[in-house]
Amino acid sequence: SIQGKTVVITGSNSGIGLGIAREMAKAGAHIVLNSFSDTDEDHQLAKDMAEEFDTKVRYIQADMSNGVACRALIEKAGACDVLINNAGIQHVAPMPEFPSAKWDAIIAINLSSAFHTTAAALPLMREAGWGRIINIASAHGLRASPYKSAYVAAKHGIVGLTKVTALETAKEPITANAICPGYVLTPLVEEQIPDTMKEYDMSREEVIENVLLKRQPSKEFATVEQLGGTALYLASDAAAQVTGTTLSVDGGWTAM
Ligand code: NAD
């Protein structure tokens, strides 16, 4: 069981990472929250979660765009039984206008960070004799959309990295899988609505219905609680032989 195990979740002071942290804390895991900021609110978030679920919760600042900082996060955590690579950003623009700096930042945060944290966490998992790596990819790890070149490239990349991680740990009690969510109404999605409105000359409602949920046949957003439940499943004993694969939580998007 996950009880008493240390779960490190990158990018977890908001959205999906926070939702997964809450479900894991509820199940009795010890949680390491992370983001690049280091505010009183960040540390208060950890305190409140510890109190709410009567478990250990720490907040460790580390910028996932920096490989050295990624490795330092795992070292500071001291233990990492479950690693959830979740930190991610988005930028939406046609390729000729796509800023090079945004490309670099998205590849660093959404893809390279998972390489660095995994490299640092595997020795700890091997020492503990058990481990779970859960990469938060996306439906965009399996399908493409226009204007999301860096994001789609990074998410396809992390699906590939997940497979390699699974093969390198295949004979050990360690698994590596990727969760591929469809649209979840988090700040990351909220922020791309204005740009998409401009890009397609649409209202907010039209963007939600005709762009965001266009390819999500359920016509509903997935929720952070559902993603927490999916991560709990992948961390469970029932999933011990599930490795190197993707699990879609996308209302049927990739069925099409
Ligand atoms: P979000 O913006 O709410 O959360 C992103 C998290 O990453 C935040 O905690 C943020 O502080 C953190 N972060 C950003 N840059 C960072 C950095 N340099 N260092 C450390 N942390 C950093 O967005 P979200 O929707 O919850 O996204 C979480 C993950 O889920 C991302 O990888 C995203 O690509 C993926 N995802 C989201 C959706 C969706 O519809 N929301 C769908 C598929 C996949």
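Trainee: Is Ala105 buried, partly exposed or exposed?
Mentor: This is a predicted model, and the count used here is of C-beta atoms around the residue. A residue is buried with 20 or more other C-beta atoms within 10 Å and exposed with 12 or fewer. Ala105, which is in helix H4, has 15 other C-beta atoms within 10 Å, so Ala105 is partly exposed.

Trainee: Which residues does Ala105 touch, not counting residues up to four places away in sequence?
Mentor: Ala105 and Asn66 are 39 residues apart in sequence, yet their C-alpha atoms are 9.5 Å apart in space. Contact is a separate test, which requires C-beta atoms within 7 Å. By that test, Ala105 touches Ser65 and Ile89.

Trainee: How are H4 and H5 oriented to each other?
Mentor: Two packed helices are described by the angle between their axes and the distance between the axes. For H4 and H5 the axes are 9 Å apart and the angle is about 10°. Angles under 35 degrees count as roughly parallel. H4 and H5 are therefore roughly parallel.

Trainee: How do the residues of the contact of H4 with H5 divide by class?
Mentor: H4 passes H5 in a right-handed crossing. The contact includes Trp103, Ile106 and Phe115 of H4, and Tyr151, Ile158 and Leu161 of H5. By class, the residues of this contact are eleven nonpolar, four polar and two charged.

Trainee: How many charged residues does the contact of H1 with H8 have?
Mentor: Among the residues that meet are Gly15, Ile16, Arg22 and Glu23 in H1, and Val224, Glu225 and Leu232 in H8. By class, the contact has eight nonpolar and four polar residues, and the number of charged residues is three.

Trainee: Is Thr10 buried or exposed?
Mentor: Thr10 lies in the loop between strand S1 and H1. Leaving aside its neighbours within four places in sequence, its contacts include Gly17, Asn34, Met64 and Ser113. With 27 C-beta neighbours inside 10 Å, and 20 or more needed, Thr10 is therefore buried.

Trainee: What is the phi of Asp54?
Mentor: Most residues other than glycine have a negative phi. Asp54 is in the loop between helix H2 and strand S3, and is exposed, with 9 other C-beta atoms within 10 Å. Although Asp54 is not a glycine, its phi is positive, about 50°.

Trainee: Where does Tyr147 lie?
Mentor: Tyr147 is not a glycine either, and has a positive phi of about 75°. Tyr147 is partly exposed, with 18 other C-beta atoms within 10 Å. Tyr147 lies in the loop between strand S5 and H5.

Trainee: Which helices each supply at least two residues of the shell around the ligand?
Mentor: The ligand is surrounded by 28 residues, and the closest are Gly11, Gly15, Gly88, Thr186 and Leu188. By class, the shell has 13 nonpolar residues, 14 polar and one charged. The helices that each supply at least two of its residues are H1, H4 and H6.

Definitions and conventions:
Residues are numbered from 1 along each chain as its sequence is written. This is a predicted model: local features need pLDDT of at least 70, side-chain atom pairs count only at pLDDT 80 or more; totals for chains, interfaces and linings use all residues. A residue is near a molecule or strand if its C-beta atom, placed from the backbone, lies within 6 Å of it. Helices (H or I, at least four residues) and strands (E, at least two) are DSSP runs, numbered from the N terminus. Ala, Val, Leu, Ile, Met, Phe, Trp, Tyr, Cys and Pro count as nonpolar, Asp, Glu, Lys and Arg as charged, and the others, Gly among them, as polar. Axes are lines fitted to C-alpha atoms, for helices over the stretch in contact, and angles run from 0 to 180 degrees between N-to-C directions. Angles under 35 degrees count as roughly parallel, over 145 as roughly antiparallel, 65 to 115 as roughly perpendicular and the rest as oblique. A crossing is left-handed if the near helix is turned anticlockwise from the far one by less than a right angle, and right-handed if clockwise. Two residues are in contact if their C-beta atoms, placed from the backbone, lie within 7 Å.
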